[in-house]
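Hi,

Here is the structure I promised to pass on.

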Amino acid sequence: MLNIVIFGAPGSGKGTQSELIIKEYGLDHISTGDVLRAEIKGETELGKIASGYIEKGQLVPDELIIDILAKVLDSKKGSKGVIFDGFPRTIPQAKALKKMLNERNTDVSVMLNLQVDEEELINRLLERGKISGRSDDNLETIKSRLEVYHNQTAPLADYYIGEGKHVAIKGMGTVEEIFGRIKDAVKNV
């Protein structure tokens, strides 16, 4: 199985590149946010538990997210692989994901780290906000989200470097140029 973790700051192009990767390699897409919303909407047992945390304004515990991801992964038997989008975000989540995948005789194949200059990230997010009307794409919120990313999520790159799975992808240029770099990285997996 080809299991890809796509990684990068808000505005780095994860969503755009994920779509191209899925089309190119025939992978399934697992977005933690989408999966959680589906479990809650479907009123599954796991969804009800997750909803309880969310209603209290708390983060859903890693163990619960892993249980939900395991269920989704198990439903995709015969899959060529999965692209994980929005997960893991912390080292404990990465370790839990590795354990869960190892129990299914697979692992993360590669972590693609889309790297974009801070100024470009801000410009992309401001532009996206104008087009989409997303309320979280304003300068103050963007700067806060980037700070959280740098402090809490960026250390995950070091974990995957240690695992020998990290590939830095220059996330500047056209969508096609960036995707070309991703294909080169996946060829070497």
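**What I found**

Tyr 53 is partly exposed, with a relative accessible area of 31% (buried is under 20%, exposed is over 50% and partly exposed is in between, using a 1.4 Å probe and protein chains only). Tyr 53 sits in helix H3, residues 45–55 (helices are DSSP runs of H or I with at least four residues, strands are runs of E with at least two, and both are numbered from the N terminus).

Before going on: this is a predicted model, where local features need pLDDT of at least 70 and side-chain atom pairs count only at pLDDT 80 or more, while totals for chains, interfaces and linings use all residues. Residues are numbered from 1 along each chain as its sequence is written, and side-chain values use heavy atoms, with hydrogens and water left out.

Now the sheet. It is open, with five parallel-paired strands in the order S2-S3-S1-S4-S5 (two strands pair if DSSP finds at least two bridges between them). Strand S2 (28–31) and strand S5 (166–170) are at the edges with a single partner strand each, so one side of each has no neighbour in the sheet. From one strand to the next, the twist averages 25° (axes are lines fitted to C-alpha atoms, for helices over the stretch in contact, and angles run from 0 to 180 degrees between N-to-C directions). Four bridges hold the parallel pairing of S2 and S3, and Asp 28 has Val 82 in S3 as its bridge partner.

What about Leu 114, buried or exposed? Leu 114 counts as buried, because its relative accessibility is 2%. It belongs to strand S4, residues 110–115. Beyond its neighbours within four places in sequence, Leu 114 is in contact with residues including Ile 6, Phe 7, Lys 14, Ile 169 and Ile 182 (contact means heavy atoms within 4.5 Å).

Most residues other than glycine have a negative phi, and most peptide bonds are trans. Glu 43 has a positive phi near 50° without being a glycine; this residue is in the loop between helix H2 (32–41) and H3, and it is exposed at 56% relative accessible area. Asn 105, also not a glycine, has a positive phi of about 55°. Asn 105 is in the loop between H5 and S4 and counts as exposed at 78%. Finally, the peptide bond joining Phe 87 and Pro 88 is cis, with omega about 0°, and Pro 88 is in the loop between strand S3 (81–85) and helix H5 (91–102).

Cheers
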